Amino acid sequence: MPPAASASTGVKAALVVVSAILVLEALALIAVVIWLVVDLLALQPSSYATAIALIVLVLIAAVWVSAVAVGSLRRAPWTRAGAIVWQILQVSIAVGAFQGLFARPDIGWLLLVPAVVVAGLLLWTPVRLAYTRTEHESAPGAD
């Protein structure tokens with residue numbers, strides 16, 4: 001196989017991995033929103049305001065990551081920055097999961113590994129270039 005063909009295959013595989021992980025992260029956040037709503041309805045929280053605020057924050061994150069995942073499937077240039085920001089936030093949550101009185105290393109690893117993989121792939125030059133538009137390609141509607 002020529003080097004150019006294998007590099008192209010590697011880049012396509014990397015793009016598929018990035019998009020797949022982003023879709024899985026979006027689905028996981030949607031599941032967390034559903035779980036939090038069911039939890040709010042089934043149990044009595046110590047603070048309804050805090051519980052509702054947490055649901056709203058996770059819902060915003062779910063919408064954002066879902067938009068980034070859909071944009072990534074379309075190779076929209078803006079999605080690369082959004083995905084990197086999300087991965088950094090996910091790493092910080094993973095670090096928190098490794099520490100403290102209620103540490104959960106299993107959840108920490110579950111968050112850390114995909115975040116490092118996606119961030120690393122998005123910073124790889126061929127993948128970065130796949131998310132950029134050339135001069136001849138204009139943004140949709142920019143005629």
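How many aromatic pairs does the structure hold? Before I answer, a word on the model. This is a predicted model, in which local features need pLDDT of at least 70, side-chain atom pairs count only at pLDDT 80 or more, and totals for chains, interfaces and linings use all residues. Residues are numbered from 1 along each chain as its sequence is written, and side-chain values use heavy atoms, with hydrogens and water left out.

The structure holds two aromatic pairs. Rings of Phe, Tyr and Trp (for Trp, the six-membered ring) pair if their centres lie within 6.5 Å; planes under 30 degrees apart count as stacked, over 60 as edge-to-face, and the rest as tilted. W64 and W86 form an edge-to-face pair, 6.2 Å centre to centre with 90° between the planes. Because W64 lies in helix 2 and W86 in helix 3 (residues 78-97), this pair ties together parts that are 22 residues apart in sequence. Helices here are DSSP runs of H or I, at least four residues, numbered from the N terminus.

Are these two residues buried or exposed? Buried means under 20% relative accessible area, exposed over 50%, and partly exposed in between, with a 1.4 Å probe and protein chains only. W64, at 30% relative accessibility, counts as partly exposed, whereas W86, at 10%, counts as buried.

The other pair is F98 with W109, also edge-to-face: 5.2 Å centre to centre and 75° between the planes. F98 sits in the loop between helix 3 and helix 4 (105-123), while W109 is in helix 4, 11 residues apart. F98 counts as partly exposed, at 31% relative accessibility, and W109 as exposed, at 51%.

Let me return to helix 2. The expected span of a helix is 1.5 Å times one less than its number of residues. The 26 residues of helix 2 (residues 48-73) should therefore span 38 Å, and the end C-alpha atoms are 37 Å apart, which agrees. Buried residues of helix 2 include I55, V58, A62, V65 and A69. An α-helix has 3.6 residues a turn, so residues three or four places apart point the same way. Just after helix 2, R75 takes a positive phi of about 60°.

Finally, the interior. A nonpolar core is a set of buried Ala, Val, Leu, Ile, Met, Phe, Trp, Tyr and Cys residues joined through side-chain atoms within 4.5 Å. The largest has 15 residues, and V18, L22, L122, V127 and Y131 have the most contacts inside it. Helix 1, helix 2, helix 3 and helix 4 each give two or more residues to this core; the largest share, six residues, comes from helix 1.
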